[in-house]
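Q: Could you take one part of this structure and go through it closely, for a reader who has not seen it before?

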Amino acid sequence: MLRVSSDSGRRVRAYWLGTVPYRQAWDVQRSAVAAIRAGTQPDSLLLLEHPHVFTIGRRGDGSTLLWSETECARHGVEVVWTDRGGDATYHGPGQLVGYPLLDLPRLGSDILRHIRDLERSLIAYLRVLGLEAEPGGEGMTGVWSGGAKVAAIGVKLNQHVTSHGFACNLTTDLDIFNEGIVPCGLVGRRATSVLELGGPRLEVARAARDYTEHFARVFDVEVSWGDPAELTSLPPADAESPALRVLNVRGEEFSRPV
């Protein structure tokens, strides 16, 4: 079994996973976090895209989900309550999703710095695409450009190891994003994309490769690419928490983990 050496604190293994259903990627994250805590998996950066899905974080109560369960199904959008921070967001084709699974003390970091470093790395990447962007300011995580959010951030800290991360809209379907939910629970705000802002039309796989250079620079780590099979061989993590029934804005029931 792999044992991470003591001098690997500034090294991160990156994985391009392609298109992965949200729940499957969540399972992979949980297994990898457990292995990182046990010292059998290096700090990791999972890069991927998801099929259509609305996710609701710990801050959400269902009131920012605007579509009914029937409407979500008609648009092919899954609904998942998750254990990350934040409220409602959307994942789908044309969006770069990054899940940094990092032992923060080993990097000399903390959760607030981690979030700011994610913002800085995304801003640096967008600048290379010809787009100016900035953090959202106090109480508004993520990256903003032209008055709209181009990248959302929602993370979880599990005994000093991070999970979940960011979603950067490249060619994302903004109609689903802005009509099916209140993006990130911010009334009166909307999501945008690299394409809508006048940037290039990018393949997500290419964006993953290019973004990683900025991640490495901002986080001050050495990144090497790993085989996704390394993740599928990890022992499964504990089972998901029991579900709690909650109401969306229309008073309809959905389930979420406790």
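A: What follows is a close look at helix α6 and its packing against α4. The model is predicted, so that local features need pLDDT of at least 70 and side-chain atom pairs count only at pLDDT 80 or more, while totals for chains, interfaces and linings use all residues. Residues are numbered from 1 along each chain as its sequence is written, and side-chain values use heavy atoms, with hydrogens and water left out.

Helix α6, residues 204-219, has 16 residues and reaches 21 Å from its first C-alpha to its last, close to the 22 Å expected at 1.5 Å a residue (1.5 Å times one less than the number of residues); helices here are DSSP runs of H or I with at least four residues, strands are runs of E with at least two, and both are numbered from the N terminus. Among its buried residues are Val204, Tyr211, His214 and Phe219, where buried means under 20% relative accessible area with a 1.4 Å probe, protein chains only. The cover over the buried residues of α6 includes β1, β2, β6, α4, β10 and β11.

With α4, the helix packs at an angle of about 130 degrees, the axes being 9 Å apart; axes are lines fitted to C-alpha atoms, for helices over the stretch in contact, and angles run from 0 to 180 degrees between N-to-C directions. The two helices, α4 and α6, are therefore oblique to each other, since angles under 35 degrees count as roughly parallel, over 145 as roughly antiparallel, 65 to 115 as roughly perpendicular and the rest as oblique. Residues making this contact (heavy atoms within 4.5 Å) include Leu118 and Tyr125 of α4 and Tyr211 and Phe215 of α6. Just after α6, Asp220 takes a positive phi of about 55 degrees.

Technical notes:
Buried < 20%, exposed > 50% of the residue type's maximum accessible area, 1.4 Å probe, protein only.
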